[in-house]
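User: Could you walk me through a few spots in this model, starting with a side-chain contact and moving on from there?

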Amino acid sequence: TKLRDDVNSMHQYCLTSLLLLLLIFTATINTSAQEEDFGGYYSITVKHDINKWLSAAITPEIRFNENHSELEMALIEGDVSAKLNKHFDLGGYYRFGVKQVNPDYEERIHRLGVYGKASYRLKPFDLSYRCMFMQQYTNIHSSENGMVPEKVLRHKLSIQYSKKKYAIEPFAYGELYQTLAPESE
């Protein structure tokens, strides 16, 4: 039991150190924040464990802005992830969305991403950090740069209330992102 306690302490120390390093790193880069009025995102995720280490999920979502007075976007995401061990996952995902830019114009968005995720359970909460590299194509064949996608590195910290006896798990998260390309962004 002493060895198990030492290993658990080491996992906690490593995860805490990693999260602090990532927060310090992301605090030194240019960031942006929401500038609009209150909005809301509503989604539901259906997840299926394919086997002991591989799972898939699908998530439809709608987003509102301007104090819930306007529909901003409707999207659907597909996600596949592999569990490396108790604390680390690798995965990839695809998103298709339709964004209402104004009443007369909609954008079609295709997003591809790969990510690594570290998580730790601190009962009754699940803490996690996800780092994702993604490419986003908007209205293919119509951008100023032709087929040049937007490339972004995203850092997401989340906390989720998770009790095994409940099917609903509320959560909150914060996300920092850095645009890598095109350089004009």
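**Side chains and surface**

Analyst: The side chain of Asp 126 makes a polar contact with the side chain of Arg 121, at 2.8 Å; a polar contact is a pair of N or O atoms within 3.5 Å, where within protein one must be able to donate a hydrogen and the other to accept it, and residues adjacent in sequence count only if both atoms are side-chain atoms. This is a predicted model, in which local features need pLDDT of at least 70 and side-chain atom pairs count only at pLDDT 80 or more, while totals for chains, interfaces and linings use all residues. Residues are numbered from 1 along each chain as its sequence is written, and side-chain values use heavy atoms, with hydrogens and water left out.

User: Where is Asp 126 found, and what else is it in contact with?

Analyst: Asp 126 belongs to strand E7, residues 125–138 (strands are DSSP runs of at least two residues, numbered from the N terminus). Apart from neighbours within four places in sequence, Asp 126 is in contact (heavy atoms within 4.5 Å) with Tyr 120, Arg 121, Ser 158, Ile 159, Gln 160 and Ser 162.

User: Is Asp 126 buried or partly exposed?

Analyst: Asp 126 counts as partly exposed because its relative accessibility is 24%; buried means under 20% relative accessible area, exposed over 50%, and partly exposed in between, with a 1.4 Å probe and protein chains only.

User: How far apart are Asp 126 and Tyr 161 in space?

Analyst: They are 6.5 Å apart, C-alpha to C-alpha, although 35 residues separate Asp 126 and Tyr 161 in sequence.

User: Switching to aromatics, how many pairs does the structure hold?

Analyst: The structure holds 3 aromatic pairs, where rings of Phe, Tyr and Trp (its six-membered ring) pair if their centres lie within 6.5 Å, with planes under 30 degrees apart counted as stacked, over 60 as edge-to-face and the rest as tilted. One of them joins Phe 125 and Tyr 161 edge-to-face, at 5.7 Å centre to centre and 65 degrees between the planes. That pair links distant parts of the chain, with Phe 125 in strand E7 and Tyr 161 in strand E8, 36 residues apart.

User: And why is the pair of Phe 171 and Tyr 173 stacked?

Analyst: The ring centres of Phe 171 and Tyr 173 are 6.1 Å apart and their planes are at 15 degrees, so the pair is stacked. Phe 171 counts as exposed at 53% relative accessibility, whereas Tyr 173 is partly exposed at 40%.

User: Last one: where is Ser 55 found, and is it buried or exposed?

Analyst: Ser 55 is in strand E3, residues 54–65, and counts as buried because its relative accessibility is 8%.

Technical notes:
Helices (H or I, at least four residues) and strands (E, at least two) are DSSP runs, numbered from the N terminus.
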